[in-house]
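I opened my notebook to look into the packing of side chains in a protein. Here is what I looked up, entry by entry.

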Amino acid sequence: MALRRKDILGLKDLAPDEIDSILKTARTMKSIIISGNKKAPHLQGKSVVTLFYENSTRTRLSFELACKYLGGASANLSSTGSSVAKGESLIDTGKAIEAMGTDVIVIRHPMSGAPHLLAKNVKASVVNAGDGMNEHPTQALLDMFTVLEKKNRISGLKVAIVGDIYHSRVARSNIWGMTKMGAAIKVVGPATLLPPKLEQTGVKVCSSLEEALDGADVVIGLRIQLERQKKVLFPSIKEYSAHFELTEKTLKYANRDALVIHPGPINRGVEISSDIADGENSAINEQVTNGVAVRMALLYLLTRRDAYEAVN
Ligand code: CP
């Protein structure tokens, strides 16, 4: 099935059958990655530009490798070292990138809604690689892909999301996506890091780590995003860890075979201990591989002719 849209801006507006189609395509793409011959023709003649106004290791590199593994051309533009630093607007930058024949623009931006603005102003497909505190849809898709690989289903699973929910675009995208795919989600974190009206998204807000992890099949740890906090939102890192760190002791509240995932980069000893991050329940490294597979799937589906025909 093709996607019924030009852009991937968030999971809030993606239908379950579209999510399903991306995850199924990602399975095929993963077989290309592990085949050892990472030279498929799906993006031959297509080009992708990653336009990043914020730092990234995993997302930017995985989009660029995803494009290359499928035979496409990829290039990167960062806000530093480009005409963005001279004050060029987002729309003008996007139009310049498009004028070079770009088929897909992958954008990360500190302002929520920036990818939506770009998508309205260019004919190229736009993929949101993280916008402010709004969404990080490709991260949630790779998280769902990892869950599916390890648990063979998403529907009916109990998922706990732990930590800085307020600043987390990963949490928001996972809440939209996993809820649509039938998971039951509990969240927990310091009261100052829980957004208001969270219950309206269909999640259960818990008052302790023990309550959130009780019976969990999947545990998603989140990075404490000190760079987004305008003021101190909890007394100290030590106090945060004492209540919310995923450790051998606290993970005992979850199911024995609970899958532990984290979008990275991780703060070891703050939100997750090394023995859990590197332990047998963790799929943190596999998430990174799966990120390439999911991004290969998205680039392929967005550049298929029938994807455009569906929206034009
Ligand atoms: N998970 C994630 O978005 O990582 P990067 O910031 O390294 O891209």
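I began with helix H8 (residues 237-244), where Tyr240 and Phe244 both lie, 4 residues apart, about one turn of the helix. Helices here are DSSP runs of H or I with at least four residues, numbered from the N terminus.

A note on the source: this is a predicted model, in which local features need pLDDT of at least 70 and side-chain atom pairs count only at pLDDT 80 or more, while totals for chains, interfaces and linings use all residues. Residues are numbered from 1 along each chain as its sequence is written, and side-chain values use heavy atoms, with hydrogens and water left out.

Are Tyr240 and Phe244 buried or exposed? I found both buried (under 20% relative accessible area, with a 1.4 Å probe and protein chains only).

Next I looked at their rings. Tyr240 and Phe244 form a tilted aromatic pair, 5.4 Å centre to centre with 40° between the planes. (Rings of Phe, Tyr and Trp, the last by its six-membered ring, pair if their centres lie within 6.5 Å; planes under 30 degrees apart are stacked, over 60 edge-to-face, and the rest tilted.) I counted 1 aromatic pair by this rule.

Then I turned to the largest nonpolar core, which has 61 residues; Leu141, Met144, Ile161 and Met296 have the most contacts inside it. Such a core joins buried Ala, Val, Leu, Ile, Met, Phe, Trp, Tyr and Cys residues through side-chain atoms within 4.5 Å. Helix H10 (residues 284-303) gives the largest share of this core, 9 residues. Apart from this core I noted another, of 25 residues, including Val162 and Tyr240.

Terms used: Buried means under 20% relative accessible area, exposed over 50%, partly exposed in between (1.4 Å probe, protein chains only). Helices (H or I, at least four residues) and strands (E, at least two) are DSSP runs, numbered from the N terminus.
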